[in-house]
Amino acid sequence: MLHQYVRQFGEKLVRRRPLELRAERPRAYLNTLDLVAMGVGSTLGAGVYILTGELAKVRAGPATVICFLVAALSCVMSSLCFTEFGAQVPRSGTAYLYSYVTRGQLCAFIIGWNLILSYVIATACVSRAWSYVFDNLIGNHISQVLQETFSLQVPYFLARYPDFFALGLVLLLIGMQVLGARESALVNKVFTGINILVLIFIILSGFIKGDLHNWKLTEQDYTLNTSGSSDTSSLGPLGSGGFVPFDYEGILHGAATCFYAFLGFDSIATRGEEALNSDRSIPSGIMITLFICFLAYFGVLASLTLMVPYYLIHPDSPFPQAFLHIGWDAARYVVIVGSLCALTSSLLGIMFTMPRLICAMAEDRLLFRGLAWIHDCTGTPVMAIMASGNLADTSKIRI
């Protein structure tokens, strides 16, 4: 008898999910343009304004553009898997659902909870980053008021005060998602469009004010900057100079980091049930997203390394300091606006994805069944959206 129970339990753990469509589905509103806007918004987040500076300064120099090319080709291989699954399995859940179909229930349960944890942490971090950037823009008044009013006696690695501004931002986005997929997609397209316009401005600025000599720097140039600068600690390493100052090893190290800059296209696959003609729009949306993001990263890195010698790039705020270097100090406000729009698009992409994953797991009875309820009027998983928002808001207290 015990052997039979153990066998039945083991069979449940490796049971694979059949590929039938559910009767209660979200409404299909999203076309290919909506999916591309969602993927670009999730991928071109704050990393394009911060990650690029550190990579160019200490990893690969001007050859960082090659790093992004190598990473983009690697992501194309990964995206082909997503497009294949997305076309064959037009359901929400991405890696969770795919692992359930191919590997079984236990593997899907572990992957699903890992994804939920990563989405919760990402939502809390991005919303806090949005609050931090906006607070810096207005002179740190928000943080000063919150610290004086709600100061917390907690260890140094936890938040010193509850960030109610970030909380309000997440609640606002929750309400927007409850209204429906069409309204959320429209807002996402607006912020993504502004972000792309800012990136185009940065690219054009680099080509106008850039100097090709910054791709052919020598030790003599480095010595002149060292002797002419009072703060030599801010200078990065020279390497061997030229276009590839840190050899091909630096390109490979940079490409390994750049790969994570393309993560976000998988959010398209979570909208299989809300996509019109999903067997064509999902593969097309993923490939177009990767192409647009590669062009944006390539152009931004090229303009940055043309405007400023790579060893003078500021790792934390590369573009504001680059515009200061060429005498366009006012342009840094354009960069801040782009950063806020990029963070908003990234946050929208995360908060679009997490409720669909929770809804898919609830439908499979790996979470509470009520979380899979779809609202009749809006066609959105309301309970899953509320649950994901509550998890993210709670985590802000600890981040």
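Serine 131 is buried in the predicted model, with a relative accessible area of 5% (buried denotes under 20% relative accessible area, exposed over 50% and partly exposed in between, with a 1.4 Å probe and protein chains only). This serine lies in helix H6, residues 105–137; helices are DSSP runs of H or I of at least four residues, strands are runs of E of at least two, and both are numbered from the N terminus. With residues up to four places away in sequence left out, serine 131 is in contact with Asp163, Phe165 and Ala166, contact being heavy atoms within 4.5 Å. The model is a prediction in which local features need pLDDT of at least 70 and side-chain atom pairs count only at pLDDT 80 or more, whereas totals for chains, interfaces and linings use all residues. Residues are numbered from 1 along each chain as its sequence is written, and side-chain values use heavy atoms, with hydrogens and water left out.

The unreviewed UniProt entry places the feature "transmembrane region" at several spans, including 106–130 and 333–352; UniProt positions follow the numbering used here, feature names are shortened, and annotations may be inferred rather than shown by experiment. Residues 106–130 are 100% helix and 0% strand, with end C-alpha atoms 36 Å apart. Residues 333–352 are likewise 100% helix and 0% strand, and their end C-alpha atoms lie 28 Å apart.

Among the buried residues of H3 are Val48, Tyr49, Thr52 and Lys57.

Aromatic pairs number 8, where rings of Phe, Tyr and Trp (its six-membered ring) pair if their centres lie within 6.5 Å, with planes under 30 degrees apart counted as stacked, over 60 as edge-to-face and the rest as tilted. Tryptophan 215 and phenylalanine 243 form an edge-to-face pair, because their ring centres are 5.2 Å apart and their planes stand at 70°. This pair links distant parts of the chain, 28 residues apart: tryptophan 215 lies in the loop between helices H9 and H10, and phenylalanine 243 in the loop between H10 and H11. Tryptophan 215 is partly exposed at 23% relative accessible area, as is phenylalanine 243 at 25%.
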